[in-house]
Amino acid sequence: IEFVRAAQLQGDEEPSSVPPPSAQAQQKESIQAVRRSLPVFPFREELLTAIANHQVLIIEGETGSGKTTQIPQYLFEEGYTKKGMKIACTQPRRVAAMSVAARVAREMGVKLGNEVGYSIRFEDCTSERTVLRYMTDGMLLREFLSEPDLASYSVVMVDEAHERTLHTDILFGLIKDVARFRPELKVLVASATLDTARFSTFFDDAPIFRIPGRRFPVDIFYTKAPEADYLEACVVSVLQIHVTQPPGDILVFLTGQEEIEAACEMLQDRCRRLGSKIRELLVLPIYANLPSDMQARIFQPTPPGARKVVVATNIAETSLTIEGIIYVLDPGFCKQKSYNPRTGMESLTVTPCSKASANQRAGRAGRVAAGKCFRLYTAWAYQHELEETTVPEIQRTSLGNVVLLLKSLGIHDLMHFDFLDPPPYETLLLALEQLYALGALNHLGELTTSGRKMAELPVDPMLSKMILASEKYSCSEEILTVAAMLSVNNSIFYRPKDKVVHADNARVNFFLPGGDHLVLLNVYTQWAESGYSSQWCYENFVQFRSMRRARDVREQLEGLLERVEVGLTSCQGDYIRVRKAITSGYFYHTARLTRSGYRTVKQQQTVFIHPNSSLFEQQPRWLLYHELVLTTKEFMRQVLEIESSWLLEVAPHYYKAKELEDPHAKKMPKKVGKTREELG
Ligand code: ADP
Ligand code: MG
């Protein structure tokens with residue numbers, strides 16, 4: 001692949017002022033020395049003074065300057081956690097919360113989960129003693145449910161604020177409010193060098209504290225012509241860099257787990273084939289669902305003579321800093337949620353990243369020495385095709401979850417909530433409508449008893465509704481499993497390149513009539529019967545790690561059942577009950593087969609069954625889907641066959657018999673999954 005050098009990202013350091021650190025030097029240096037070497041360190045006193053003098057402080061600093069790992073420690077050392085008070089530091093991403101907490105625990109010489117811990121959905125690694133709490137922004141939001149004034153916190157640091165995730169944006173409004181009647185609460189808003197003036201304005205002109213960066217220049221290269229297959233282009237370019245460029249590790253930005261795994265496999269494959277013709281290349285993935293022991297590997301120093309390539313999602317853009325990166329490879333894409341309030345359809349799509357994002361990525365190459373960034377697109381595309389900045393998530397996602405939470409916090413007038421950027425009016429309205437349809441709100445827009453229970457469960461309203469409905473259909477055992485399996489979605493089956501046929505056969509063996517939710521249930525049940533065995537997973541091409549996670553999630557949800565007054569019962573193989581309970585939550589996501597393929601029932605959108613689905617070949621008349629993913633087409637992922645009459649049974653206020661009439665019913669006899677008797 002041919003690249004042309006087109007520009008340079010200016011640094012503030014001379015290219016040669018610091019040599020790249022060698023692995024041994026890094027290891028020898030004590031952790032305290034590393035702490036003192038971070039850009040934030042010289043500003044420790046000044047920063048603490050500013051925090052003492054102002055209730056709200058915006059902190060701006062280049063990625064890697066020590067905001068996340070150091071500032072909470074400074075506050076701890078300064079006594080902000082006396083009298084059992086806690087410090088919260090929020091992260092948009094689970095991986096970041098875990099990884100940063102682990103790092104800080106190590107720096108402080110304490111066991112993770114004691115003084116320093118993290119709390120992410122379905123995983124709480126904190127204890128009574130935990131005073132430094134790293135958590136996802138979503139978890140801090142949920143803290144408001146149990147402690148609306150955050151009374152046990154002395155400091156709240158909203159970190160990575162520039163990411164503008166939905167939860168971070170909502171936190172801004174809530175925290176601004178709490179700060180008004182808790183003058184002793186300190187609020188820190190930390191951000192990479194983007195957007196800070198806006199945060200300041202929002203928080204009544206709070207001062208901005210700038211930590212000067214330490215950044216070396218980065219040369220930017222573009223491809224001469226557009227690349228058709230960016231995954232292949234990535235693999236080729238990594239090897240090209242490895243063979244032609246001086247030492248230094250490589251960071252590659254891809255969009256998600258599947259892509260990353262594919263790229264890693266391809267790279268390892270080709271390295272194996274090249275054998276001793278090339279130097280050693282360590283290929284390390286990093287993405288949200290990667291288990292923590294694997295995550296930790298990306299931080300280990302590269303052995304002398306070898307080169308490391310880290311294949312990452314957006315997580316490495318600003319949330320995590322990996323030492324030793326000299327080369328960045330940027331295909332220019334990210335996975336982004338988008339939402340159409342007119343149709344109520346949410347989809348996750350691979351889209352070009354913004355210029356701001358591309359420049360953050362490039363910046364990762366200039367942390368320890370002058371670096372190079374290779375963009376797998378043309379300079380023209382950068383100029384003309386990339387947006388300046390990413391649209392805040394609140395403007396491109398459904399709001400059901402957040403509206404339910406705000407309603408439970410007693411915030412009724414959502415139209416006048418203090419948003420940094422307001423969501424589209426139609427999106428808010430639709431969220432209210434959907435919550436009404438799910439029975440969470442009454443016709444006055446007030447929270448119902450059922451809505452209160454739904455808010456108790458840390459899952460989407462539709463999934464909560466499904467869990468609540470399992471009481472009525474006496475199948476909570478099965479529904480909990482389905483809910484847990486859905487939450488580790490898409491990473492259950494293992495499909496190695498060299499064993500595709502075996503893997504696909506193994507998957508098909510789990511198929512049950514009725515659809516994918518039952519397949520997930522089947523996998524879990526068999527795994528449980530095997531004694532949760534890893535060997536069983538291996539033999540059946542099932543990912544053990546995902547299953548272990550599903551088991552954790554399931555246990556947590558089971559622990560919450562009592563709170564929402566659902567008893568533990570099993571359907572004893574009567575899967576119709578399970579399917580009806582699922583329909584009770586997902587009646588919004590339904591599609592029917594028409595002459596021209598599948599159409600969503602209410603909006604008449606054209607959709608397709610995902611080829612991986614167990615129902616791909618059967619094409620049932622009526623179905624519901626868990627989610628829509630837009631790739632080449634609008635695909636429904638995790639689909640379940642239903643009967644139209646169930647829709648009237650579970651959502652009579654939402655469906656009218658007339659719209660469920662079936663003009664082709666006589667020509668195409670309805671076929672529904674078999675009952676227990678038929679299955680034997
Ligand atoms: P910021 O939040 O300003 O981007 P951080 O506090 O995350 O900066 O990182 C400061 C430094 O700490 C980084 O340069 C990195 O070298 C180091 N660091 C952070 N996390 C880890 C980790 N898990 N392992 C090793 N070093 C880490
Ligand atoms: Mg940080």
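A residue is near a molecule if one of its heavy atoms lies within 4 Å of it. This is a predicted model in which local features need pLDDT of at least 70 and side-chain atom pairs count only at pLDDT 80 or more, while totals for chains, interfaces and linings use all residues. Residues are numbered from 1 along each chain as its sequence is written, chains are lettered from A and ligands numbered from 1 in the order in which they are written, and side-chain values use heavy atoms, without hydrogens and water.

**View 1. The shell around ligand 1.** Ligand 1 has 15 residues around it, and Gly64, Thr68, Thr69, Glu323 and Arg367 come nearest. The shell comprises two nonpolar, eight polar (Gly counts here) and five charged (Asp, Glu, Lys or Arg) residues. The most come from α4, with three residues.

View 2. Oxygen atoms of ligand 1 lie 2.9 Å from a backbone N or O atom of Gly66, 2.6 Å from a side-chain N or O atom of Thr69 and 2.3 Å from one of Glu323. Of the 560 Å² of accessible area (Shrake-Rupley, 1.4 Å probe) that ligand 1 has on its own, the protein covers 94%.

**View 3. Packing of α19 and α23.** The axes of α19 (residues 476–487) and α23 (residues 544–560) are 8 Å apart, at an angle of about 130°.

Technical notes:
Polar contact = N/O pair within 3.5 Å; in protein donor to acceptor, adjacent residues only side chain to side chain. Helix = DSSP H or I, 4+ residues; strand = E, 2+ residues; numbered from the N terminus. Axes fitted to C-alpha atoms, helices over the stretch in contact; angles between N-to-C directions.
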